[in-house]
Amino acid sequence: MSATFPESLQPLRLTIIMPVFEDFAAASVVCQAVDDELARVENVQARVLMLDDGSPSGLRAWSSFTPERLLCIEVLRLRRNLGHQRAIAVGLCHLADQAASDAVLVMDADGEDRPADIPTLIAELRSTPNSMIFAERRKRMEGATFQLGYLAYRTLHRVLTGIPVRVGNFSLLPAQALPRLVCMSELWNHYAGAALRSRVPQRRIPLDRGSRVLGRSQMGGIIPLVMHGIAGIATFYDLVATRILVASVGTVVLLLAALVTVVGIRFGTSLAIPGWATYTAGTLLVLAIQVLTVAFSLVLSLISGRTGANFIPCREYGAFTGPVETLAGRAAGANPSAP
């Protein structure tokens, strides 16, 4: 799988994957927009692989059209609903086994990842072919409640991991990054977190987030969003646990120092109020024991995580995949860059 894309020698074989759950009406609009935007890119042979995440209604809302520049539009059926992060993981594993692409573009199928930004991502990949290219969000279109929740998530993520969050699913990765990604257990829960942990070189391009083209998000509600945030933090579980362990040890040291101070005031001075020293010392001792319990539990969890067997996406994903259906395509040998 080559990672060099000289425009004058060979076209870029690009596969665009989109997780879809009960949102095929929006997906059809996005695919048409992608087809239009490819007119701005030279020497690209692109196809779309939608990942049907167990949609009960199937393809009833899909609006069929004939692509002008896309080679084909396909749907990989998943046998059950996995959530969009795991659907992306299955799609990447499927493409890794096919080994038929030079690069993979990951984007949502609702329009919030703007098709107009695809040429920018492709141009960046061609200039740095060994790097994963992520869209770094500048302006977002969500309401104030989501914005506050997202700010809280970013703050918590930075505190617990030390890593700032500015990227999501919208990204373009070279094919040689797939073998590393698909064997990472972190990919099963959070694509962007796994990409960061993979240590594949990354570049970020500041891009605005778009608006949904149709309907309402299937991920609406606070619970799915909180679960998604937890999955992002859990990707760095060992780092989070280690940081909490260090903080716990520091807290115990401070509590013991305070306990020694209380005892010193009680027996070394006449400043203590009757009963104050006993109450304060008891409270500090109980807090120290509780913090030590948390620290001990974290140590056991870290040891268990290091020694236990992990879920490897490339080994297990086949149990969730069904057939691949072609929704639209063109005759072989057609020029994909023709207007």
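These legends describe close-up views of a predicted model. Residues are numbered from 1 along each chain as its sequence is written, and side-chain values use heavy atoms, with hydrogens and water left out. Because the model is predicted, local features need pLDDT of at least 70 and side-chain atom pairs count only at pLDDT 80 or more, while totals for chains, interfaces and linings use all residues.

**View 1. Cysteines without a disulfide.** The whole structure holds zero disulfides, a disulfide being a pair of cysteine sulfur atoms within 2.5 Å. For Cys183, the closest cysteine sulfur is in Cys314. The two sulfurs are 5.8 Å apart, too far for a bond.

View 2. Cys72 has 14% relative accessibility, so Cys72 counts as buried. Cys183 has 39% and counts as partly exposed. Buried means under 20% relative accessible area, exposed over 50%, and partly exposed in between (1.4 Å probe, protein chains only).

**View 3. The cavity.** There is one cavity of 30 Å³ or more. The largest cavity has about 140 Å³ of space. Its lining has 15 residues, and Val165, Val167, Ala192, Gly193 and Leu196 are the closest to its centre. A cavity is a set of points, on a 1 Å grid over the protein atoms alone, where a 1.4 Å probe fits but cannot get out; lining residues have an atom within 4 Å of a point. Points are joined across faces, edges and corners, and the volume is the space filled by probe spheres set on them.

**View 4. Elements around the largest cavity.** Helix 4 (144-161), helix 6 (191-197) and strand 7 (202-207) each supply at least two lining residues. Helix 6 gives the most, with three. Helices (H or I, at least four residues) and strands (E, at least two) are DSSP runs, numbered from the N terminus.

How values were computed
1 Å grid on protein atoms, 1.4 Å probe; cavity = no way out; pocket = protein on both sides within 12 Å on 5 of 7 lines; lining within 4 Å.
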